[in-house]
Structure formats: C-alpha cells, structure tokens
Amino acid sequence: MNIISVENISKSYSEKALIENISLGINEGEKIGLIGVNGTGKSTLLKIIAGVEVADSGNIIKANRARIEYLSQNPAYDDEATIIQQVFNGNSQELTLLREYEEILYKVQGQLSEEEYNLYNGRLLKLQSSIDNMNLWDLESEAKTILTKLGVEDYNAVMGELSGGQRKRVALASALITPCDLLILDEPTNHMDNETIDWLEKYLKGRKGALLMVTHDRYFLDRIANRIIELDRGNLYSYEGNYSVFIEKKLEREALEAASEDKRQNLLRKELAWVRRGAKARSTKQKARLQRFDELSSKEVTQKSQAADISSVSSRLGRKVIEIKNLSKSIEDKTLIKDFTYTLLRDDRIGIVGPNGIGKSTLMRLIYGEIKPDGGSIDIGETVNIGFFSQENQHMDDDMRVIEYVREEAEFIATSDGEKISASQMCERFLFDATMQWTPIGKLSGGEKRRLYLLRVLMKAPNVLLLDEPSNDLDIETLKVLEDYLDNFKGAVITVSHDRYFIDRICSKIFFYEGAGKIKQYNGNYEDFIEAREEEVNSVTNSKNTVDKKISSVDKSEEKKKKPLKFTFKEQIEFEEIDGIIEDIENQMESLEKSIEVSASDYEKLQELLEEKEALQIKLEEKYERWEYLNELAAKIEASKI
C-alpha cells in the first residue's frame, strides 16, 4: 500500500535551489535511507514529507488516515515537563490519554487536600477505564522500556535539566512509541553510544510500518534499509537494497553516465567540425544538423559529484609524542579516569568507546590541555602539534566568509609530498566551490559548518589528531574522504566515535571504558574488540555455570542415584534424525552458493539469495549446538550404564 507520494516538488532558499522537480513514493514496509552531501537538502526533504515545511511547487498525496511521525535533528521540548510527560507529548488520541493519566498520577502522589485528591482520583479512574478500552497499557510499558534502553531511567526528571543528548533520546522515545504508518528520523544515532545504537538497530529492523531516515552510519544503513535514495544536486536517485547494494549500483549508474557523456562529446565534435566548415544551411537536412548541434551543445550534463580529494597534511613529528602517567580525573565525586598510563606512538590509530557520560571526551580534553587532571601527568613532545576536532564547532562568526575563516588559520600549507596548497584550493577539495567560498558562514547548513570546521583543524597541519565524534553531522562522502586522508596521515590519531564503520576502517587499537575510571586496551579494530569482549563474557558465564553445575550436582546427587539418566521421547527422536537434518541443510547451503555465483550480476536476486543463506547459516549453527548437546547427553547415558 502506498502511504505517501511526492510529485514534482521543488524548494529553494534565497538563490540556492535545494530540490528540483523531485518525485518519490513510499510504500508500506519500506525502510528507506536518504543520503547525500551536507547542504543538498536532505533535512528539508524530510520536513516537506512530514508536513513541517511547504514546498515551493509540486504535490504531496497522502493515503487516507495515514499517520506520519517526524523526529528532527533538534527537536523542540518543554523545559518544565518531566521526561514521561514529554514522551507522551504527541497529538494522537492515544498519547493524549496517556499524557493526562501520567500528569494526574503525578499530582495524586503529591500533597493534596481531601477534596483535590477525590477529584483527581475520580478522573484517574475514568482515564484508566479509557486506557483499558483502547488497550494502551502496553504502550505505556513500551515507552518506559524504550527510555530505559536509551539510557534514561528517571522518568520524572525535568527536561530543562537534561543534556542535549539526553533530550534527543527522550524525543526519539516519543517518536518510536507514537502509533504511525511512516516514521521519519533525521540523524537518530547522533550522540548515542555503540550499545544503544545496537539496540536501536534491532528495534527498527523488527518494527512494523514504513521508515524514512537520514543517517551517516553505514553499518546502520546496511542492516536496516531495504532501499537507498540519494539526493544529489537537486536530483533524486533510488536504489533497491541496502547500503552495500547501493554502492555497487551507483558505480554502475556513474559508469553508464560517463559512457553516455563520452558518446555525446564524440557526436558534438563531429557536428562542430561540420559547422566550422561553413556549410550553408539551405536544405532541410542541413537545418536539422544545425538544430542537432544546438541540442547537443546546450544539453545539461549531470556531472559526477566532486570528491573532497585531500593530500595528507602534517608537520614533522619527533621521537617523543605524548606520555601519560597515572592520570586521574573526577567530576562531582564521579571518577572518570583512574590511574591511566599510556605512551602514544607516532603511528597509533586509537578508538575510544564506552557508554555516554563515562569520560571519553574528558580524556581528549585532558590531552589537548583544555582541562587539568586531578593526578598524574601528560608529557607532550616538543614537536607535537595537536589538532582537536571537538563535538562543538569552534566559534564561528556568521558574517565571516568561508575563505576568510580558513585563511585565519593559514594561507598556504605543505602536503606530505612537498606540494604547497592554498586555502582556496583546500576549500575546493572540501566541496566549497568558488561561489561557496564567498558565502557567509551563517548561510551554511549545520553539516557544512562541521565540514568547514574540520578543514580549519587540518589547515593547522597537525601531527597528532584528536577527533571527538567526527561522524556527528558529517555526510558519508566527507567521512570517506577523511578516512582516506587518515590512511596517509603521518602522525597519531585518537578518536572517540560511535560510528562502528569509521572505527573499523581507521583504528588498530581500542580503549574501552569499563566504568569506575578503568580503561582497558585491546589490539585490533572495532570488530576485533567486539569478539574479544564476547569471549570475555562467555568465559565469565562459563565459569559461573561451572560453579553452578558443581553446586547443583551436590544438591541433586541423591536424586540422580534414584532416577536413571535417559533421553526424553522427543530427544530420542531428535538424536536419531539430527545427522540427516544437518546434512540436508549443508546440501542446501552448497546449492545456494552455486546460485549466488550464477546471480552475481542480478542484484535483486542476489540480495534474496544472501538473505536466504544467512537464515540457513543461523539454522545450521543452531542444529550444530543441538547436535553437540545430544551427543554429550548420549555419552553420559552410556557412562551411567556401566
């Protein structure tokens, strides 16, 4: 079923056309990821679809009674509302009932006169009856469960006292529990830790209803989206499949466009040669050729989006980099860092992970010298030049132009290969063309300002880079360029990031905050770290199970003597059949592998086969575990007979 159709909509701001004659249909069950370079109008398109903004032209057709819920990057909130009140601050009948119920329940729990208590209690009973009739208790329970999963546990805390990240989580919880046919999310993973993103990923994957989201998290897109739409210079391109499929299909599209343009240029050269020969346009045939030349030469060509191609820029780094010894830091009786020691190497690529509010950014600020430690020391080498890309943009004068802001740091810088690059050239490579370089900063989008701030940091030619949540508000194209830049960067990099793809791509060491100020070090990227953590958890679990089994065996020793060990009827049947079941699944896997090879160029069919293979793999692993259990039990049964 079609939920909403967008037909030929356009939107401009001042002289800048963001969206031009875009058409899009969203159907039930689709999970769509919207991507594009910062400043291309992604958030504007979401607002138009959500009904928050109006297009300059075009039509939007919505299905009867279709409900749309929208989460903006900077959601509005009531300073004086409690968290639970804010969560139920929607306009739907369901949320209105639950909001009033929570408000009155809060009042009843306070100090009231007998008359006030009876009045509120009577209203509370009526609301409870309405909530019973509409079966909304599960919705209230779900709201509190979601808040807890998002790291918000005090439901009566006041919104005005929360951090920006906490307020965004409350707004997200409200959007998730609001009944709707289409959920629209603008950068939902910003300011979230990895554990919370993992939970949100699973929640959205299992959620019924359509989803439209803007996010830079490539793993998130890969695991949730079944369709990718790309906004590129006012045009919209649609790709069926997840992010990995999108990359493949985009390469195909650009190759076709390049071939088409080459063909057009060849025809144009031939027509140009004919025109220059001075042929007289007397005949109908000659007039047609002149007309074709005009059409070819005036045809608008969609150029491939420019990549921010930057050479590695850094200053010379000596032998001594940064030595951290017995570092400690507490804030308001909360220990963030305790007795931490590390010597930074020249080629280190370190990712810092852990829950929000645990002290990751504090370590970065200590190294940069923004704050002082309570104990220990940070010894920085003489040749070290630190570049710090913080979560908050450095103060920008909205009236200053882009090029002026960059030139404040440096007019020229030298690359690793000795080439000198001007501030203007660096701007070009960061997608600020000649026109945008003279644009006042105040007219840039939030993402464009982040890109400009990153450029300013790199113009300092640092040899140690501190990147605090670099993926927040940066588009995927800029992140890919930054990753390529870091590949050739001759210096150390320390990054705090919730972007699992970014850490996987860049880091070779992980610092994990375990709590109480303890920082544990792991070698490898993020995937290696996850595997190591799982092994540690399994090891602890196995040890506990071993102890529990020993205790259980003592407690049940008498019972075992009385009751002989044997298969249940169901287990006996399963034991006899499981070898054949496993063999059958393995044969299906082999057949699928052959089909996948044959369908390598058919991406829609390939996606179906890969999903089928993944499901079979899970089933096979379950059967392997079951086979192991049954055979161990069979061995114990035989041993008990001796």
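Predicted model: local features only at pLDDT ≥ 70, side-chain atom pairs only at ≥ 80, totals over all residues.
Reader: Fine. Which residues form one aromatic cluster here?

Author: Phe512, Tyr522, Tyr526 and Phe529 do. The structure holds 12 aromatic pairs, and two of them are worth a look.

Reader: How do I read a pair of rings, then?

Author: A pair of aromatic rings is described by the distance of the centres and the angle of the planes. Take Tyr522 and Phe529: the centres are 5.2 Å apart, with 75 degrees between the planes, and the pair is edge-to-face. Both Tyr522 and Phe529 are buried.

Reader: And why is the pair of Tyr526 and Phe529 tilted?

Author: Planes under 30 degrees apart count as stacked and those over 60 as edge-to-face, with the rest tilted. The planes of Tyr526 and Phe529 are at 45 degrees, so this pair is tilted, with ring centres 5.7 Å apart.

Reader: What separates Tyr526 and Phe529 along helix α18?

Author: About one helical turn, because Tyr526 and Phe529 are 3 residues apart in α18, which covers residues 526-555.

Reader: Let's stay with rings. Which charged end sits over the ring of Tyr405?

Author: That of Arg456, 4.6 Å from the centre of the Tyr405 ring. There is also Arg223, which lies over the face of Tyr219 at 4.9 Å from the ring centre.

Reader: On to the sheet. What should I have in mind, and what is the strand order?

Author: Strands of a sheet pair through backbone hydrogen bonds, either parallel or antiparallel. Here an open sheet of 6 strands runs in the order β5-β6-β7-β3-β8-β9, and the pairing is mixed. At the edges are β5 (68-71) and β9 (235-240), each pairing on one side only. From one strand to the next, the twist averages 15 degrees.

Reader: How many bridges join β8 to β9, and do they run parallel or antiparallel?

Author: Strand β8, residues 227-232, is joined to β9 by 6 bridges, and the two run antiparallel.

Reader: Which helix lies across β5 and β6?

Author: Helix α6, residues 164-177, lies across β5 and β6 (182-186), and α6 runs at about 170 degrees to β5.

Reader: How about two helices against each other?

Author: Two packed helices are described by the angle between their axes and the distance between the axes. For α5 (residues 137-149) and α7 (residues 194-206), the angle is about 145 degrees and the axes are 10 Å apart. Glu142, Ile146 and Lys149 in α5 meet Thr196, Trp199 and Tyr203 in α7. By type, the residues of this contact are 3 nonpolar, 1 polar and 2 charged.

Reader: Last topic: backbone angles. Where is Asp333 found, and what is its phi?

Author: Most residues other than glycine have a negative phi, and most peptide bonds are trans. Asp333, though not a glycine, has a positive phi of about 65 degrees. You'll find Asp333 in the loop between β10 (322-331) and β11 (334-344). Asp339 also has a positive phi, of about 50 degrees, and its place is in strand β11.

Reader: Why does Asp333 count as exposed?

Author: Exposed means over 50% relative accessible area, and Asp333 counts as exposed because its relative accessibility is 84%. Asp339, at 48%, therefore counts as partly exposed.

Key:
Residues numbered from 1 in each chain as written. Heavy atoms only, no water. Pairing = 2+ DSSP bridges. Helix = DSSP H or I, 4+ residues; strand = E, 2+ residues; numbered from the N terminus. Axes fitted to C-alpha atoms, helices over the stretch in contact; angles between N-to-C directions. Contact = heavy atoms within 4.5 Å. Nonpolar A, V, L, I, M, F, W, Y, C, P; charged D, E, K, R; others polar. Phe/Tyr/Trp six-rings, centres within 6.5 Å; stacked < 30°, edge-to-face > 60°. Buried < 20%, exposed > 50% of the residue type's maximum accessible area, 1.4 Å probe, protein only. Lys NZ or Arg CZ within 6 Å of the ring centre and 35° of its normal.
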